[in-house]
Every structure is written in structure tokens, then in C-alpha cells.
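Subject: Two-chain model, interface notes

Hello,

Here is the structure for your files. My notes on the contact between the chains follow below it.

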Number of protein chains: 2
Amino acid sequence: MAVDFASRHPMSYASNEGIGMTPTHPFDNAIHLDTIDGNVRRGRTHPEWANQVGPFGGITAAVMLRAIETQPDRIGEPLALTVNFTAPIADGDFDISLRAARTNRTNQHWIAELSQDGAVTTTATAVFGVRRGTWASTEAHPPTAPPPEQLIPGGPSPSDFIAWGRRYDMRFVEGAFPGEHAQPKRSSMSTLWMRDSAQRPVDYPALAALCDTFYPRVFLRRGGLIPSGTTSLTTYFHADQQQLDALGGDYVLGTAHANRFSGGYFDQSAQLWTRDRALLATSHQIVYFKG
Amino acid sequence: MAVDFASRHPMSYASNEGIGMTPTHPFDNAIHLDTIDGNVRRGRTHPEWANQVGPFGGITAAVMLRAIETQPDRIGEPLALTVNFTAPIADGDFDISLRAARTNRTNQHWIAELSQDGAVTTTATAVFGVRRGTWASTEAHPPTAPPPEQLIPGGPSPSDFIAWGRRYDMRFVEGAFPGEHAQPKRSSMSTLWMRDSAQRPVDYPALAALCDTFYPRVFLRRGGLIPSGTTSLTTYFHADQQQLDALGGDYVLGTAHANRFSGGYFDQSAQLWTRDRALLATSHQIVYFKG
């Protein structure tokens, strides 16, 4: 499905907005939005970002965040984003409705809903705010890892099963994607270097997507591909724009682990680090699984 | 302010609903809601739960969750709750509007907004769902701690400063509330046993509140009371009803730590455990701070 540009005269928002170019990078295509009215943006799914059912959750998180970024009255940078995956997104167009539930002097609270044919498939809340110079400390420690250049990509990979896996160059340090004859592991921890395959610079939507690249931790514990999907995802953005600018399209070091599996659900927590030990984001999700 | 019961004929919801008693426990008072219409519940603040500004965030999280529980068409038990604290709640009445954004066969996604005089002070999303018998494993480990009976309550405590602190019996193992001449610490970790002072049995709203009892981690790192407040709080509920029934009003072992402080915000993550090493909930928040 394509948007009828002629009849709707939408304004286009993408990272190259305003210079009259068609976005060409898969990530820019995926987060490209047209303005339907002041509070509604229209996007569409892209086969490059397909998951087993519907699109990669990370790209949905990215497009929800991007929709808020396109609001002219938006204050500051993303601080927190919660995305609830309420139903599969079908191939084709979707509308994102936006509402600033509260605007304060230095922060703003958003509610966003993604719908198709009037049915809500995704809800989100986001906090944007102005970062200030304050006392600062990173208390967490990055995982130990050799530099990405010393790791060879290869072995079983999400890209063997799903289109979006090919959008990232993933180099596992620990907890690689389980292969055909994988055994259950005692730890659900994965640590890996990853970057956009086309080295598109990391902005906040890209950071939101990176936080959801960790395949479901139940795969490691059960030693195989278990039907599962993220139900709710929360990300805290620690990086300011200057840190993102310094990162560019370089590798980030990601680590993720689960805490408890029971009753058909488990939680997993992730961190994203730069080479120079800056904690870019912490992210948490609750995941549905079968069996 | 009091609700005009005579003119509105509200239905009452509280943990002793239907037996014609006035709720007497402070927690039951705080989460007591009247039905204004099918999608609106009315509650009110209570001085017992006052924080420095507005009510304790945990009691607000509890009342948001309780409001959803009172919906007759609600499916299953709480799985995930995100609460965004958008503005201080003033003393007095508040209305909570509820909407099921999506109802699936075994889960349901809710959006809730708490407002006063038409202005939104709190937004929330929640996932409720039916837990199923599946493979289960708790991968996280509880912190090492002596039994609560071997710890003496005392020393500086949140209850010296805020009313709601007296609603809990807190016995610190590590990272006690900093006193008047406290020094900055290198670790933001706190571990403590805690229970409701009146030993009210723990239900999901009480669990939601317990997850927010950890004072801001910046206090430990800076060695004093720093102006700060939770901006967004996400809790994943791992306990099923049977586990809550087994817990009753007993102590839970809580632990919390921060990951990164910068730009006027930090994140902290918490876990709540039973004596017999059941992980009841994991909880995360992003907190605003000054200085």
C-alpha cells in the first residue's frame, strides 16, 4: 500500500527532511512519516524490517518515538519510552495519533497510539525533557569484550530467520543465537557488538531500535526457537545528542539477560555501551512465550 | 474534600468490597475508589500517604492498578504497569479515566489517566493477562541477607521526613537512608526487608506500591537528601495470585541500585523477593534530580 501523496499533500519527515531527497537507507524509509493532521502521522511497514509476524518491534518503537519528534511543539530529547505491543501490525499503512498529556517547563509527557483500520496495535508513552548540567556518574560497568574488529561475524544468526536481522552487523561475545542443535544453557546472557549494516548514524529512534535487537532470552535457556514476542518494552535514554554525535555509526556493545520465566512470560533487561564506556541506554521488556 | 455519596450513588471498590464495611487500613483507604461511570473512578489523597510533594508515587501506582482491577471486563492479572508522573497531585479528589486499548483472547492493554480539575497529573499503561502453566525458571539471585527478625529497625529513616514512610516496617541490610552527616557512597545499592506496618496482605496494588519504596538512589551517592522525584516507573509482576496468597503480610526482601546519573536524570532498578526466594516483581524507574 502506498500513501496517495497527491491528494493529501502530506509534509514529509525523515532524517533528510527538507532537502527534497527520497530517503534511501532502510532505517530512514522505515521511520519516514507523513503528516495527516497536526496530531496524526502516517507510516507504513517495509519488508526489510519484517519479523516472523509483523515488523521488528524495535522499528515500531523507533517509529513511535520519531512520530513524537516530528511534533513542532515537542520539548527536549527523549528520556523514557514505553511501547506496548497490543496486536500484530499487518503489512501496509498505519496511523500514529499523538497527544501531549502534559507539558511542563522542561519536560513533556506523550501518549501515542498506532492503529490500522481503526484498531489499535501499539500504544506508547514517552517522556521528553531538557537535559541539564548536573553531577554525573556511571555506576554500572560495561561487560568485558574484545573489540568488534577481533570478532568474526558468522554462525547461526537471527538473519537466517528474519529479514530485519540483515539490517545489523552483529558480533557475539557471549550467548550467540542458538543453532539447529543447540543445547539449553544455564545463563540467558548475551553480549555482542552491533551496528547498523549501512553504518547509518545512531539517533534516538535508532537507539530505541537497537534496544530491542536482543532475541528472546528463552531461546538460550531452552536451546531453540520458542514462539515468543515482546509484550511491553521500556527504554531509558541516557545519551545526550553530543554523545550520539560522537558515536556516529560505530558499534555499540549490548548486553541482555532475563530475571524470571513463569506463567508464559519473562522479563529481560539490556544495556547499550559505546567503546569508550558511555552507557547510552538501559532497556527492559516483558516477553510472552509458549511451552 | 469528600465525595458526595448521596447524589452520585457510587459503587464502592475496596479490598473488603461487598461486605458493607468501611475500609480501615490506610492502604485500603488509599486505593478505595468510587465509580463515577463505566470508565471513570474517583479517589482521593490521604495524609497518611503524603510525600514531600503530593502523595507517595507507589500509592499512585497502586491506585492506577486498582482502578483497572475494578473494571468488570478486565481479563487476568497484572503483568506490566508503567506509570508516568506528569505533575504533582494536589490534596483532594482525583478522577481516573480508563480505556481498554486492545482486548485479546488472553491479555488486555489498558490506558489510564489520573486528572484533577481536568488537568492530567499521571498517565499509565498496563498489561493484564492470563498466566499459563509453562516451563519456569528464576535466573536472578536474591541478595544475601539475614532474616528480618535479626535486624533492628532504627537509624535514620524516610519516616523521619515523610508520612508514608511510617506505613512500612523497613529493616535495612545495606544502603540505609542517609542520616544528617552521611558521606557520599560509591554504591547506590540498598537491600532491605520491608512489610506493611499493619501487615495487610500483599495484593497486586500493594506489590506495585512496594516497588516504589526505594528512596532515590542519588541520596546514597551524594550523601544527603537531594531534590528528586520519579518521572516514569515500570513494574513487571512475576508473582501469581497463589504466590501472593502464600506471602500474606510477611516481609519481602527488596534491592535497588542505579545505573547512570547524568543530565538531571538517573535510572534505578529494583527486585522484590520472598523469604523462600520467589522473585515477586522487577521494577525500573527514571528519576529527576537537581544538583
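A:Arg260 stands opposite B:Thr138 in β8(B). Strands here are DSSP runs of E of at least two residues, numbered from the N terminus, and two strands pair if DSSP finds at least two bridges between them.

This is a predicted model: local features need pLDDT of at least 70 and side-chain atom pairs pLDDT 80 or more, while totals for chains, interfaces and linings use all residues. Residues are numbered from 1 along each chain as its sequence is written, chains are lettered from A and ligands numbered from 1 in the order written, and side-chain values use heavy atoms, without hydrogens and water.

Chain A and chain B bury about 5,400 Å² between them, 51% of it on carbon and sulfur atoms; this is the accessible area (1.4 Å probe) lost on being put together, summed over both. In chain A, the residues that lose the most area to chain B are A:Trp135, A:Glu139 and A:Arg260, together 16% of what that side buries. In contact (heavy atoms within 4.5 Å) are 64 residues of chain A and 64 residues of chain B.

There are four salt bridges between the chains, counted when a side-chain nitrogen of Lys or Arg lies within 4 Å of a carboxyl oxygen of Asp or Glu. One of them joins A:Arg99 and B:Glu113 at 2.4 Å, N to O. On chain A, strand β14 (residues 279-289) gives the largest share of the side that touches chain B, seven residues.

Regards

Notes: Buried area is the accessible area (1.4 Å probe) that two parts lose on being put together, summed over both. Helices (H or I, at least four residues) and strands (E, at least two) are DSSP runs, numbered from the N terminus.
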